Amino acid sequence: MGSQEPIMMTRVLLVGGGLTNAVTGSLLRRELPHVELILWDKARGAGGRMATSRNPQDGKTSVDLGAQYISATPEYSKLHSAYYEELIGAGILAPLTSHIEGMRETGEHTNHYVTPQGVSSIVKHFMKSANMDVRYGHHVNRIDLSGNKWNVETKEGAADTFDAVVLTMPVPQLFGLAGTVKDTLENDEKLRSSLLSVDYSSRYALGLFYDEGADIKLKNEVSAEYITNDSVIRFVAIDNKKRGLDNGAPSVVVHTSVPFGKAYVEETTDDVKPLIMKKVQELFPEWPEPTYVKCQKWRFSQVTSAYPGLPGCVSLADGLVIGGDGFTHSNMDGCIESAKSIVDVVVQYLKKGS
Ligand code: FAD
């Protein structure tokens, strides 16, 4: 028998394990069933800014530290009906039934949903349907073109070669990458200034966990509240109640105001946590001490100024695509829109080369 050339599978690397790449993976899997899909994220788990954090003391209760609920306008309910139906059918989304005090009125026909298993379950759902090789603790720091392949390296020392690479980290983090990304951003002034115009708010979040039976309430028995007259705290939710689960040990999420987030963005979470805790105690003096507190800094929280023209994604070079909510808007529909345009670009590129 003569020697045979090994058949090389087309390999696509998705960098970032948030919602945009989860949906990108799921759509790519349908479009290109035989492509090898690999996802790398620097974090320890799935979700990105749709993060759900577990209480390390019981491993059961959790809080959503980033996105809180999903709001679908009539336009997006229609445009993305297949996604909503899939998530509702799988029990990932359920209608918001509790009251959120001070919620911005987005029109009476906007549908609001909660995630009974936590908001990261949306991301995990799409990752699962993408059937990808998912690796955490992979912080990409260098991407280089070699022939028509992309060599990607991580801070931790992993290195591999791919036919196409998709990056969905918040836009300012692209400027930390060495290799072709850096060269492209240095040489293309228009692209560089468009990327520099993408801006995000900053916030801190606290996740507070309590003993079962702890009496944690907001006034008028609401599940969550936007606070308008405080400089530190902007939003508070009793997470299990917000998700429609009125059992188990209570957990609370607190988001700071954007001005507070901006003022303290260069501080450490260890320094900022006691300041927010002090405010929680002032605003809710009757609450008992939490048994565990997690503090999260969102340096890049929600997009306040998106990439000009909202293209959904931008191709930096053949087979190197950047996307995410910075190219649309910060919510589930924005991520789906970005994922759809990423998939169009990647599929077109790979089909051209095959
Ligand atoms: P991300 O979720 O940011 O994913 C990017 C991923 O890239 C991250 O997991 C990160 O770890 C990874 N990464 C970064 N750099 C690297 C690297 N060099 N190598 C490897 N991995 C890397 N949306 C709503 O719909 N409803 C809400 O109520 C809502 N509230 C919000 C409240 C807060 C406080 C925040 C922070 C966000 C909120 N959002 C809300 C917005 C929503 O969470 C985002 O729009 C969405 O999660 C963005 O997803 P993404 O995949 O584009 O980016």
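Which residues have the most contacts inside the largest nonpolar core? The legends below, which describe a predicted model, begin with this core.

**Figure 1. The largest nonpolar core of the predicted model comprises 42 residues.** Leu19, Leu28, Ile122 and Met332 are the residues with the most contacts inside this core. Two or more residues come from each of several elements, namely the strands β1 (11-15), β2 (36-40), β5 (70-72) and β13 (164-167) and the helices α1 (19-31), α3 (81-89), α4 (120-130) and α10 (332-353). Helix α10 makes the greatest contribution, with ten residues. In soluble globular proteins, nonpolar side chains tend to be buried together.

**Figure 2. Ile122 and its contacts are shown in close-up.** When residues up to four places away in sequence are not counted, Ile122 touches Leu19, Ile70, Leu87, Ile92, Leu93, Thr115 and Met332. Leu19 and Met332 are also listed among the residues with the most contacts inside the largest core.

**Figure 3. Helix α5 spans residues 180-187 and has buried residues on one side.** The buried residues are Thr180, Val181, Thr184 and Leu185. Because these residues cover an arc of only 130 degrees around the axis, they lie on the same side of α5.

**Figure 4. Cysteines are shown in a structure that holds zero disulfides.** A disulfide is a covalent bond between the sulfur atoms of two cysteines. Cys335 takes part in no disulfide, and the nearest cysteine sulfur, that of Cys313, is 13 Å away. Cys335 counts as buried because its relative accessibility is 8%. Cys295, at 14% relative accessibility, also counts as buried.

Key:
Residues are numbered from 1 along each chain as its sequence is written. This is a predicted model: local features need pLDDT of at least 70, side-chain atom pairs count only at pLDDT 80 or more; totals for chains, interfaces and linings use all residues. Side-chain values use heavy atoms; hydrogens and water are left out. Buried means under 20% relative accessible area, exposed over 50%, partly exposed in between (1.4 Å probe, protein chains only). Helices (H or I, at least four residues) and strands (E, at least two) are DSSP runs, numbered from the N terminus. The arc is that of the directions from the helix axis to the C-beta atoms. A nonpolar core is a set of buried Ala, Val, Leu, Ile, Met, Phe, Trp, Tyr and Cys residues joined through side-chain atoms within 4.5 Å. Contact means heavy atoms within 4.5 Å. A disulfide is a pair of cysteine sulfur atoms within 2.5 Å.
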